[in-house]
Amino acid sequence: MYKITLEWIEEGGTRSQTISNEDNTREVGKIFIGRDENQCDIVLPSSEKTVSRLHVVIFYDSHRQGWCLKNLTGNRSSPNPAIVNGKIIILEEVLLSVGSLIQLGRITIVVKQIEGNKSQYQYGIRCVNGHLLPYDFIGDFCPHCGYSLQASETIYLSPEDQDIPPEN
Ligand SMILES: [Zn+2]
C-alpha cells in the first residue's frame, strides 16, 4: 500500500489529508482535487475561484513507482495551470516527492509525506532558515520565507529525515 499526505492552508486553518492507493476514492488509486464536491476527493473552498472545479488528479503510477500529478484542464482551450515546484504543468505528468509544492490558483498544497516512491533517498535543498525543498525545485527564492536560495546548501535526505515534515 502506498500513501501520500497533503497539507494546505485555507481560510480557517491548516488542512491535511492522507490517502492511500487502496482507499475508496472516486476512482481507486486516484485523488481528484478541485472546487466541485461532486467530482473531487479533496474539495477546496468554493470561494477560491482561481481553482478549477476539477483541477488536477494525483495518482499512483505503478510504472514510475511513485505518485504523479496531472492537470485535468490541460486539454481545454484555456487551461488553468498547476504549478509544481515553480514549473507550470499543463500536459505533462509530473512525479511528486516529499516537499513538492503544488500551486492551484492561490492555494499551495505541500506534499508532507510519501510512502511508495521508488527512490528511498532524495536530494533536497535546505534554505538558510531550514526549510526543506525538493531537489528539483525551480526558483531563486524559498517559497516559505522568501530568502534567496543562492546561499542554500544541498543536503541528502535519508528515509529518517523524510519522516520529519519540513518546518514551516
Ligand atoms: Zn525558507
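These exercises work through the fold content and the aromatic pairs of a predicted model.

**Exercise 1.** State how many helices and strands the protein chain has, and what share of its residues is buried.

*Solution.* Start with secondary structure. The protein chain holds one helix and 14 strands. Next, burial. Of its 168 residues, 46% are buried. Then the surface. The accessible area is about 9100 Å², and carbon and sulfur atoms supply 46% of that. Last, contacts. Take those with a separation of 6 or more: 46% of them join residues 24 or more positions apart.

**Exercise 2.** Find the aromatic pairs in the whole structure and classify the pair of Tyr2 and Tyr60.

*Solution.* The search returns two aromatic pairs. In the pair of Tyr2 and Tyr60, the ring centres lie 4.1 Å apart and the planes meet at 10°. Planes under 30 degrees apart count as stacked. The pair is therefore stacked. Now place the partners. Tyr2 sits in the segment before β1 (3–10), while Tyr60 belongs to strand β5 (residues 56–61). The pair therefore ties together parts 58 residues apart in sequence.

**Exercise 3.** Classify the pair of Tyr60 and Trp67, then decide whether each of Tyr2, Tyr60 and Trp67 is buried or partly exposed.

*Solution.* Begin with burial; the cut-off for buried is under 20% relative accessible area. Tyr2 has 31%, so Tyr2 is partly exposed. Tyr60 has 15%, so Tyr60 is buried. Now the geometry. The ring centres of Tyr60 and Trp67 are 5.5 Å apart, with planes at 75°, so this pair is edge-to-face. Trp67 has 0% relative accessibility, so Trp67 is buried. Finally, join the pairs. Tyr2, Tyr60 and Trp67 form one aromatic cluster.

Conventions:
Residues numbered from 1 in each chain as written. Predicted model: local features only at pLDDT ≥ 70, side-chain atom pairs only at ≥ 80, totals over all residues. Heavy atoms only, no water. Helix = DSSP H or I, 4+ residues; strand = E, 2+ residues; numbered from the N terminus. Buried < 20%, exposed > 50% of the residue type's maximum accessible area, 1.4 Å probe, protein only. Contact = heavy atoms within 4.5 Å. Areas by Shrake-Rupley, 256 points an atom, 1.4 Å probe, with all protein chains shown as cover. Phe/Tyr/Trp six-rings, centres within 6.5 Å; stacked < 30°, edge-to-face > 60°.
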